[in-house]
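Me: I would like a close look at one part of this model. Please keep the answer plain.

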Amino acid sequence: MAHSSTVLSQILRLVPRHEFQTLAQQHDGNRRKGSFSRWSQFVSLSMAQLTGRSSLRDIEMAMDSHRHINYHLGCQPVKKSTLARCNENLSGDFYQALFYKLYQRCSNLLPGRSFRLKNKLFSIDSSIIDVSMKIFPQANYNTMKAAYKLHIGLDHDGMIPAFATVTHGKESDMSQARLFQFPKGSVVVFDRGYNDFSWHNLLTDKGISFVTRIRANALYKVLERRSCSKYDCVTSDQLIEYTGAKAKKEHLHPVRRIGYKDSETGKHYVFITNNMDWSPDTVASIYKQRWQVELFFKWIKQNLKIKSFIGNTENAVKTQIFSALCVYMLLAFIRFQSKAEYSFQKVLRLIQVNAFSKK
């Protein structure tokens, strides 16, 4: 079998090289001939994510022990000092752009909607990634620690991230949510951290439905009460209008307020949505789907290398996080293309033990 047929090389072939080089040219310009290439950096970081390497020395040793495949991977020899400089100095925005390219490829293979909605469903949330205050003073989060924040918009068709940004830990969730461009007709679900009524109004104007929980101190008046006697778990179904000073100034659209008691836990929730046609049970089910984005954060933190970093600059942090997301998209592509009933966990484990095998 050909040298280029290692499992690792087959995975990396899923990245269109002409698109990769175009992105590299856009973000890096004309770099010095013979310098460590973007592709060599990507191969090294992808190998590290797929095989669980946790340090620059680990990456150097792993690549050196399989140097006979470097030529077929199109990869230069990897030295830890060279890779460190590359991670620290080259823009991390490159990998964010590559992530979006890979999402576009995966979106053509999405397995379909597991949830009963006809419209595309997204959930948005953020997760704190703790870092050393001494090494990353610019990411000061509070008096005790520093942190970066990963913001994700999860596409529920394949449980893959459709939007992603990395900011300092203090950055508000709303500042990034406003940048996400959701398709018209889609549905977005989020928690109370995104309770900005003017943004909700903007989503309505764009033809996007949303579901969230109402803020405890929200001021409103009831415009209409709907019958909810046929639903055992529904305590109220109302059309409301916000009455706060800011709400009056911005002429907010009326929204629907639904009280719901979970039959399993007995906990009472109050949801708001701009969709007037869904049943209360559907609204509650959509909000329950928000938990999937929490599971996504848990998975990548447990299985990919985004909790400890192999560089001490913002570029290095952003590069490592987005290269991990790129690897996640490659795993998704493999999973969707093969139509195998394997979980992301099993796909990753199979690759980890076979990355340098010729299969």
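At what angle do the axes of helix α12 and helix α13 cross, and within what distance do they come?

Reply: In this predicted model, the axes of helix α12 (residues 291-303) and helix α13 (residues 314-338) cross at roughly 105 degrees and come within 11 Å. Angles of 65 to 115 degrees count as roughly perpendicular, so α12 and α13 are roughly perpendicular to each other. On the α12 side the contact is made by Phe296, Trp299 and Ile300; α13 contributes Leu325, Tyr328 and Leu331. By residue class, this contact has six nonpolar residues, no polar and no charged.

Helix α2 (residues 17-28) packs on helix α3 (residues 38-51) at an angle of about 115 degrees, and their axes are 10 Å apart. That angle makes α2 roughly perpendicular to α3. Here α2 brings Arg17, Phe20, Gln21, Ala24 and Asp28 to the contact, and α3 brings Arg38, Trp39 and Phe42. The residues of the contact of α2 with α3 comprise four nonpolar, one polar and three charged.

Two loop residues have backbone angles to note. Most residues other than glycine have a negative phi. Met159, in the loop between β2 (146-155) and β3 (160-168), has a positive phi of about 55 degrees. His251 lies in the loop between α10 (245-250) and β8 (255-261), and its phi is also positive, near 55 degrees. The relative accessibility of His251 is 64%; exposed means over 50%, so His251 counts as exposed.

Conventions
Residues are numbered from 1 along each chain as its sequence is written. This is a predicted model: local features need pLDDT of at least 70, side-chain atom pairs count only at pLDDT 80 or more; totals for chains, interfaces and linings use all residues. Side-chain values use heavy atoms; hydrogens and water are left out. Axes are lines fitted to C-alpha atoms, for helices over the stretch in contact, and angles run from 0 to 180 degrees between N-to-C directions. Helices (H or I, at least four residues) and strands (E, at least two) are DSSP runs, numbered from the N terminus. Angles under 35 degrees count as roughly parallel, over 145 as roughly antiparallel, 65 to 115 as roughly perpendicular and the rest as oblique. Contact means heavy atoms within 4.5 Å. Ala, Val, Leu, Ile, Met, Phe, Trp, Tyr, Cys and Pro count as nonpolar, Asp, Glu, Lys and Arg as charged, and the others, Gly among them, as polar. Buried means under 20% relative accessible area, exposed over 50%, partly exposed in between (1.4 Å probe, protein chains only).
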